[in-house]
Amino acid sequence: MFRLAHLSDPHLGPMPDTRIRDLLSKRVIGYVNWHRSRARSMTATWLDGLVEDIHATAPDHIAVTGDLVNIALDLEISAARAWMDALAPPHLASLVPGNHDAYVPGALRRAIKAWAPYMTGDDAPDVAFPYVRRRGPLALIGVSSARASGPWFATGRVGSRQAKALRTQLQQLGAEGAFRVLMIHHPPHRGATAWNKRLTDASHVRAAIKRAGCELVLHGHTHLATRMEIDSPNGPVPVIGVPSASNSPGHKRPAARYNLFSISGSPGQWHCEMEERGYPASASSDAATVEHLASRHLAIPG
Ligand SMILES: [Fe+2]
Ligand SMILES: [Fe+2]
């Protein structure tokens, strides 16, 4: 039995003191937004409790699907690295970046440099997406959909080179009998988000899965708990979205939670149980503990 925890979108705060020069860009909107809503609804307390619960659960590996930061200031990026180090060492956690990690041109390059040990493939000298990491029966495939986009846009793009490499890797890893887990920040299924937040070339990701197959897709970005599907040669692949790991209860989006997948079996006969752990909608900050919220069986193609 291999246990994989999935969390996403911690949007780590509080925002460091910001110089006016740093805000001359799309960041002005992000900074105002953060102070208006995220500072209120996303607090470290909830995230700290969630991380404590993950440590107590002691999964074999942790998948983190991006939006570690808010407007990708250098201080946020270095603080996010420290947060990842406290979460788990690089061989036990794998990360893909989100649109907030690429908030303005140049930010993604700095984030990748700072977070490289969590995004480097097993035998790769440097970060190159998609990366592949083998852990037990799993092959974790990290795809980057993070791109800087214009004001009021939170779109993502994989690009044709990465989509082509993804298809090749899925084929190879499928032939090896691995349980393939695709990690991507933006949801790749149809109609997943508003137009200005979508993965612009989601059809390329779906085409790679449709041709080569995959066992499980994990994403963030929507801050919602969703279960969708993408077609593959052996049947529908579960596509699982997880809410933000730091959202406080009592807001429009679900409270902080993570998913824990227990995977066993062999190629063609995989067994996967998903447990949702987090805070109930009614939790108050004085007496909030992470709870078991739901369990479900996922049908894995095969
Ligand atoms: Fe997010
Ligand atoms: Fe996002």
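I begin with Pro-130, which lies in the loop that runs between helix 4 (107-115) and strand 4 (131-135). This is a predicted model, and in it the peptide bond joining Phe-129 and Pro-130 is cis, with omega at about -5°.

Ala-72 is located between strand 2 (61-64) and helix 3 (74-87), in the loop. Its phi is near 60°, which is a positive value in a residue other than glycine. Is Ala-72 buried or exposed? Ala-72 counts as buried, because it has 27 C-beta neighbours inside 10 Å, and the cut-off for that class is 20 or more.

The second residue is His-223, in the loop between strand 7 (216-219) and strand 8 (226-230). Phi of His-223 is likewise positive, near 60°, and this residue too is not a glycine. His-223 has 22 C-beta neighbours inside 10 Å and therefore counts as buried.

Six strands form an open sheet in the order 3-2-1-10-11-12, and the pairing is mixed. Which strands stand at the edges? They are strand 3 (93-95) and strand 12 (291-298); each has a single partner strand, so one side of each is left without a neighbour in the sheet. On average, neighbouring strands of this sheet are turned by 20° against each other, direction ignored.

Within this sheet, strand 10 (residues 257-266) pairs with strand 11 (residues 269-278) in the antiparallel sense, over 10 bridges. In that pairing, Ser-266 stands opposite Gln-269 of strand 11.

How values were computed
Residues are numbered from 1 along each chain as its sequence is written. Chains are lettered from A and ligands numbered from 1 in the order in which they are written. This is a predicted model: local features need pLDDT of at least 70, side-chain atom pairs count only at pLDDT 80 or more; totals for chains, interfaces and linings use all residues. Two strands pair if DSSP finds at least two bridges between them. Helices (H or I, at least four residues) and strands (E, at least two) are DSSP runs, numbered from the N terminus. Axes are lines fitted to C-alpha atoms, for helices over the stretch in contact, and angles run from 0 to 180 degrees between N-to-C directions. A residue is buried if 20 or more other C-beta atoms lie within 10 Å of its own, exposed if 12 or fewer, and partly exposed in between; C-beta atoms are placed from the backbone.
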